[in-house]
Amino acid sequence: MAKKPAKDKDHLSLKRKSGWEILKGKEKAIDDYCSEYLSFITEAKTEREAVSAIKQKIADRTDIIAVENRLRAIALCRKGKAPLSEGLRIVVAHLDAPRLDLKANPLYEDIELAMLKTHYYGGIKKYQWLARPLAIHGVVIRADGKPINITMGENESEPCFTIEDLLPHLADKVQASKNVKDAFQGEKLNIIFGSKPDLNVKEEKVKKNILALLNKKYGITEEDFVSADLQIVPSGPAREIGIDASMLGGYGHDDRICAWAALKAIMSAKDLPYTTIALLVDKEEIGSEGNTGAKSMFVEEVVWEIAEKFNQKIFPSKVLYRSKAISGDVNGALDPDYPEVHEKTNAAKLGYGVCVTKFTGARGKSGASEASAEYIGWIRTMLNKKKIPWQTGELGKVDEGGGGTVAKYLAEYGMDIVDMGPALLSMHAPFEIASKVDAYSTYLSYLAFMEEK
Ligand code: MN
Ligand code: MN
């Protein structure tokens, strides 16, 4: 027999395809998914607003058990075929985003301007918050105990707020000649709140006028700021980016793009083999601290509650140990202007699908959560089987910096967990960029995970 000609060995090398190529023909589904997501992040700019928007979405779904945690975190649970003792499927994402919080005594008057003092929350580049329209979202608990929800500065018909920046003519010494860290100081991130004096009083004329306005509008006094969660966020809607409308621009993609994907996946999943939870937590941006963050006992409380509802006798730690999870969070995409901070072979690219991040951390994987070869193997087979666009990612070059997610806190229970979400440009900026096809691929990947036998 004649010898067969040598086969082309091209199939042995890894060639990633663009998500747009893999999902060709699905443009309508991608656009529909993304336009609903854009309305969600336009409306929900704080964790509280996200929780209430999500509750509205699932209001008529009797098959979804919602366990809420102090109006700022929520778990959406659906019963699967297997008993709880065989473990859960969990997609965890976070609802908080970097922002400026008002201090407990925020209001003061300086040079006849009423100002509000802030303390930034999460990793921000301070200069990005200067000289741009800002809004105030949050809640004030009045002395009589009544919660007053406040949203100011979003509609074009109402005034917005801003933080002033120094004119370039005078910025040489205090800004331009310094490094960025020193040039922009947290204590100078003060909100310009008003400027009109009350002509009937002798001192603090502007501040007193503002207090009268606040009292008239909301029935609040200066002391009420103490019992408030008031957040300064970028004003205005999320919108499409690019002449081809292929990208999404908005505040808080990190991490509401994953929270939304988890919500849509748990709403549309069919024939769940395991009880499945979309666990949407708070406080990730400051280290998952506090009673609404991933370090809290919230996840155990959720397991207790569903076990009670299903009338199954379990121990939450045993159930969690036997569970599989996705930590839905964003990664940094290869930046066309700063390719030098990435390692091109391992950085995620915009438009190449959901990004699977094997390990996070910084400087020798310190503080990392790392998924095992076996677990990534299982995830990868599932994604390929369903033809979902996916890629791998790593947050920057070795020793360039890094970051972590909630994955390591859930990994402490012994469950398998891996980070998966879209890669962003301008991550943590007031206007972050995501690819539509990556947003949709993220949803498809969570859905596949929930339904996988
Ligand atoms: Mn995040
Ligand atoms: Mn973040």
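Select the two manganese ions, ligand 1 and ligand 2, in this predicted model. They are 3.3 Å apart, and Asp254 coordinates both.

Next, select Asp254 itself. This residue bridges the manganese ion (ligand 1) and the manganese ion (ligand 2). Is Asp254 buried or exposed? With a relative accessibility of 3%, Asp254 counts as buried, because the cut-off for that word is under 20%.

Now keep the manganese ion (ligand 2) and show its protein donors. Which atoms are they? They are Asp254 (OD), Glu285 (OE), Glu285 (OE) and His428 (NE2), at 2.1 to 2.6 Å from the ion. Along the sequence, these donor residues have the spacing D-x30-E-x142-H.

Move on to the manganese ion (ligand 1). Its protein donors are His94 (NE2), Asp254 (OD), Asp329 (OD) and Asp329 (OD), and they lie 2.1 to 2.6 Å from the ion. Read along the chain, the spacing is H-x159-D-x74-D.

Finally, select His94 and Asp329 together. Where does each one sit? His94 belongs to strand β3 (residues 88-94), and Asp329 is in the loop between β13 (324-327) and β14 (331-332). This pair also links distant parts of the chain, being 235 residues apart. Both His94 and Asp329 are buried.

Note on methods. Residues numbered from 1 in each chain as written. Chains lettered and ligands numbered in written order. Predicted model: local features only at pLDDT ≥ 70, side-chain atom pairs only at ≥ 80, totals over all residues. Heavy atoms only, no water. Donors = N, O, S within 2.8 Å, 3.2 Å for Na, K, Ca; no water. Buried < 20%, exposed > 50% of the residue type's maximum accessible area, 1.4 Å probe, protein only. Helix = DSSP H or I, 4+ residues; strand = E, 2+ residues; numbered from the N terminus.
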